[in-house]
Amino acid sequence: MTTPDTSRPDDARAAADGPEEADVIVVGAGPAGSSAAYHLARAGVDVLLLEKAEFPREKVCGDGLTPRAVHQLIRMGVDIQAPGWTRSRGMRWIAGRRQAVIDWPSLGRYPDFGLSRSRHDFDDILARHAERAGARLRTGVKVTSPVTSPAGRITGVEAQAGPERRPVAYRSRVVIAADGASARLALAMGRDRDPHRQVATAARRYYRSPERSQEKYLELWADLRVPGSDRYLPGYGWIFPMGDGRVNVGLGALPHRSQGGADLRATLDKWLARVPEHWGLTEENAEGKVLSAALPLGFNRHPQYGRGMLLVGDSGGMVSPWNGEGIAQALEAGEVAAETVALALTRPAGPGHERALHHYPVEMNHRWGRHYRLGNALAKHVFSRAGFQPLLNRYVMGSPAVLSALARLLVDLTDNPSRDAIDHILNTVVRLVPAPATRR
């Protein structure tokens, strides 16, 4: 490994005319890529972080961070006490006339609060944090294709840099693909999406609502109807407070083969027409357009490592099939990828180097495999048909213990070893699920 260059260039977008070399190239400076670059830089690895956009930039997201995501930010040393971070105490679930408030659990492993932060500057904060740790950040660099050896192993990437789209080349021993749901680099390397895995769709819009913006709970609505039918939205709606006078309002939905996709814009309009008028969620208070994005769920792209390239975050289909959460998973996978690569780089090219890199999908499967397998089954047979409404019946909503257990299961918040009876039950249930095979 080489010593990282921690000096910040005058122009972070600069790229050499000739090939620029590093130990590792990370493609994409979202949460997954920035996490991987940060942890690699902290380990003394020379890492190039390539991002096609300029910061700050918009990103379709709910902007809500669960304690699992907050845990990863703390591990990265991100200053979550700085202005702009809004804390949440838990979730408020709404299903018809029933409402329930669930506080984030007080566990030894995770913090007991969540956060909200707009992706407009959240990604910028993480990328600059990785840069300060020693990663060489290059923005305005659009990766166009992989560079491969005669044996088919990736050895770098070709890209276009700057407004003039100047061709540039980058070389490295390992590449981490964190380029989002489009997964262009993965596709170029022959990593197709698993057609048996679900892909959800999310849409969101910001509204000026000073009253709702100061809420302490992330609000989830499970009783939304698809316009023109009596069926429930196969997903849920959310209202997340931003703390700056705005709220993030959005929908997430799973398509079902027999029913087709839902018109999220029409569903959003129908939903907001029934919320209290004083909330201010009207067209006059809207900021920007309704934007949508795909959510690749439940490990829907394989293999997660092969021929010198690791898939991290949305490019590896790592969004939770339980709730559509992706930021916590991206941050955690970035750290695991960094640890794996740092170890592999201590070994010369050959079988030992490859064995270390092949540990990445094994570790990810160990962490999430059973939980995702159960979530994929529910997403296919329950969530894609009727959303969360069947789970939030009057018996569940009327039982604080059952609600707490369901909430922890949905956001994957348990201590291991178990801290209480709920942890013990959930950990036992997940352990009973057969572990999926790690694909190569």
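Author: Contact here means that heavy atoms lie within 4.5 Å, and the structure under discussion is a predicted model.

Reader: With which residues is Thr267 in contact, leaving aside its neighbours within four places in sequence?

Author: Thr267 is found in helix 6, which spans residues 264–272. Its relative accessible area is 1%, and because buried means under 20%, Thr267 counts as buried. Once neighbours within four places in sequence are left aside, the residues in contact with Thr267 are Arg225, Val226, Pro227, Leu233 and Leu251.

Reader: Which residue has its backbone oxygen 2.7 Å from a polar atom of the side chain of Thr267?

Author: A polar contact asks for a pair of N or O atoms within 3.5 Å. The polar atom of the Thr267 side chain has a backbone oxygen at 2.7 Å, and that oxygen belongs to Asp263.

Reader: How many salt bridges does a search of the whole structure find?

Author: The search counts a side-chain nitrogen of Lys or Arg that is within 4 Å of a carboxyl oxygen of Asp or Glu. One of the pairs is formed by Asp244 and Arg246, whose closest N and O atoms are 3.0 Å apart. Over the whole structure, the number of salt bridges found is 31.

Reader: How many residues apart in sequence are the parts that Arg75 and Glu335 tie together?

Author: The side chains of Arg75 and Glu335 meet in a salt bridge, with 2.6 Å from N to O. Arg75 belongs to helix 2 (residues 67–76) and Glu335 to helix 7 (residues 327–344), so the parts that this pair ties together have a separation in sequence of 260 residues.

Reader: Which helices hold Asp423 and Arg408?

Author: The side chains of Asp423 and Arg408 meet in a salt bridge at 2.7 Å, N to O, and both residues are buried. The pair ties together parts that are 15 residues apart in sequence, because Asp423 lies in helix 11 (residues 421–432) and Arg408 in helix 10 (residues 400–411). In the order in which the residues were named, the helices are helix 11 and helix 10.

Reader: What is the angle between the planes of Phe299 and Tyr372?

Author: A pair of aromatic rings is described by the distance of the centres and the angle of the planes. Among the 10 aromatic pairs that the structure holds, Phe299 and Tyr372 lie 4.9 Å apart, centre to centre, and their pair is tilted, with planes at 45°.

Reader: Over the ring of which residue does the charged end of Arg212 sit?

Author: Arg87 has its charged end over the ring of Phe113, 3.7 Å from the centre of that ring. The charged end of Arg212 lies 3.8 Å from the centre of the ring it sits over, and that ring belongs to Trp279.

Reader: Which strands are the edge strands of the open sheet of 4 strands?

Author: The sheet has the order 1-12-11-10, and its pairing is mixed. Strand 1 is joined by 2 bridges to strand 12 (residues 166–171), with which it runs parallel, whereas 7 bridges join strand 10 to strand 11 (residues 154–161) in an antiparallel arrangement. The strands that pair on one side only are strand 1 (20–21) and strand 10 (141–148).

Reader: Which residue takes a positive phi in the hairpin of strand 10 and strand 11?

Author: Across the two strands, Thr148 stands opposite Ile154 in strand 11. The hairpin has 5 residues between the strands, and the residue that takes a positive phi near 90° is Gly152.

Conventions:
Residues are numbered from 1 along each chain as its sequence is written. This is a predicted model: local features need pLDDT of at least 70, side-chain atom pairs count only at pLDDT 80 or more; totals for chains, interfaces and linings use all residues. Side-chain values use heavy atoms; hydrogens and water are left out. Buried means under 20% relative accessible area, exposed over 50%, partly exposed in between (1.4 Å probe, protein chains only). Rings of Phe, Tyr and Trp (its six-membered ring) pair if their centres lie within 6.5 Å; planes under 30 degrees apart count as stacked, over 60 as edge-to-face and the rest as tilted. A charge sits over a ring if NZ of Lys or CZ of Arg is within 6 Å of the ring centre and within 35 degrees of the ring normal. Two strands pair if DSSP finds at least two bridges between them. A polar contact is a pair of N or O atoms within 3.5 Å; within protein, one must be able to donate a hydrogen and the other to accept it, and residues adjacent in sequence count only if both atoms are side-chain atoms.
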